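Subject: Structure for you to look at

Hi,

Here is the structure I promised to pass on. Have a look at it first, then read my notes below.

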Amino acid sequence: MKTPIQFRLNGEDVATFAEGGANLLDVLREGVGDLSVKGGCWQGTCGTCTVLIDGVPRVSCVTLAETIAGKSIETVAGLRNGAELHPLQNAFMEHFAAQCGYCTPGMLMAAKALLDRNANPTRDDVVDALCGNICRCTGYEPIIQAVLDAAKSDGRHRA
Ligand code: FES
Ligand code: FES
């Protein structure tokens, strides 16, 4: 049986139906068509499906869709402002912090959650914020440097 769910997605009100037990990842991709959210392990261990729920990073593959009714969801699709990329997206490009791209959506959202609550993170803060996100390609250092650089780009960071 399907249940109606309403929530905010990147600032817009959306509504869809979800099967009982459906996960948020599938509802975002198949229910409301946000293909910026990517699945990897579907077991809550890789972090690539990370979205922000009321500003808090969560792995959407193991989040019950029915629990997000009335909440605010942020995904990579909402990061840029028109044609202007988010400072994190610019920094990821400048530091070659995305290679295959498997981890990138989750990394960006976990990093955004960090910068939204701490505009001047230390390296340890960044490592701690990204510790649930696995990257097979970069060795992590370009990603860490990209997040630190985005934080330093005073005036570009958007809350
Ligand atoms: S797909 Fe959700 S944690 Fe890997
Ligand atoms: S860029 Fe390939 S897994 Fe991170």
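Among the elements that cover the buried residues of α2 are α3 and α5. The residues of α2 that count as buried are Pro 87, Leu 88, Gln 89, Ala 91 and Phe 92. Here buried means under 20% relative accessible area, exposed means over 50%, and partly exposed is in between, with a 1.4 Å probe and protein chains only. Helices (H or I, at least four residues) and strands (E, at least two) are DSSP runs, numbered from the N terminus.

Before you go on, keep in mind that this is a predicted model: local features need pLDDT of at least 70, side-chain atom pairs count only at pLDDT 80 or more, and totals for chains, interfaces and linings use all residues. Residues are numbered from 1 along each chain as its sequence is written, chains are lettered from A and ligands numbered from 1 in the order in which they are written, and side-chain values use heavy atoms, with hydrogens and water left out.

Gln 89 has a relative accessible area of 15%, so it is buried. If you skip its neighbours within four places in sequence, Gln 89 is in contact (heavy atoms within 4.5 Å) with Val 76, Leu 79, Arg 80 and Leu 108.

Most residues other than glycine have a negative phi. Phe 96, which follows α2, has a positive phi, near 50 degrees. You'll find Phe 96 in the loop between α2 and α3, and it is exposed because its relative accessible area is 64%. Tyr 140 also has a positive phi, near 75 degrees, and is not a glycine. Tyr 140 lies in the loop between α4 and α5, and with a relative accessible area of 33% it is partly exposed.

Now for α3. How many of the 14 residues of α3 are buried? The count is 12, so this helix is largely enclosed by the rest of the structure. The buried ones include Thr 104, Pro 105, Gly 106, Met 107 and Leu 108. What covers them includes β3 (50–53), β4 (56–59), β5 (72–74), α2 (87–94), α4 (123–129) and α5 (141–152). The length of α3 (residues 104–117) checks out too: at 1.5 Å a residue it should span 20 Å, and its end C-alpha atoms are 20 Å apart, which agrees. The expected span is 1.5 Å times one less than the number of residues in the helix.

Next, the loop between β4 and β5, where I picked two residues. Ser 60 is found in this loop, and it is buried, with a relative accessible area of 0%. Apart from neighbours within four places in sequence, Ser 60 is in contact with Asn 23, Leu 24, Leu 25, Val 37, Cys 49 and Val 51. Ala 69 has its place in the loop between β4 and β5 as well, but Ala 69 is partly exposed, with a relative accessible area of 43%. Not counting residues up to four places away in sequence, Ala 69 touches Ile 5 and Gln 6.

Zooming out, the protein chain has five helices and five strands. From the N terminus on, the order is β-β-α-β-β-β-α-α-α-α. Along its principal axes, the C-alpha trace spans about 45 × 30 × 25 Å. A compact globule of 159 residues would have a radius of gyration near 15 Å, and this chain has 15 Å, which agrees. That radius is taken over C-alpha atoms, and the globule rule is 2.2 Å times the number of residues to the power 0.38. Buried residues make up 42% of the 159 residues. Of the contacts with a separation of 6 or more, 57% are between residues 24 or more positions apart.
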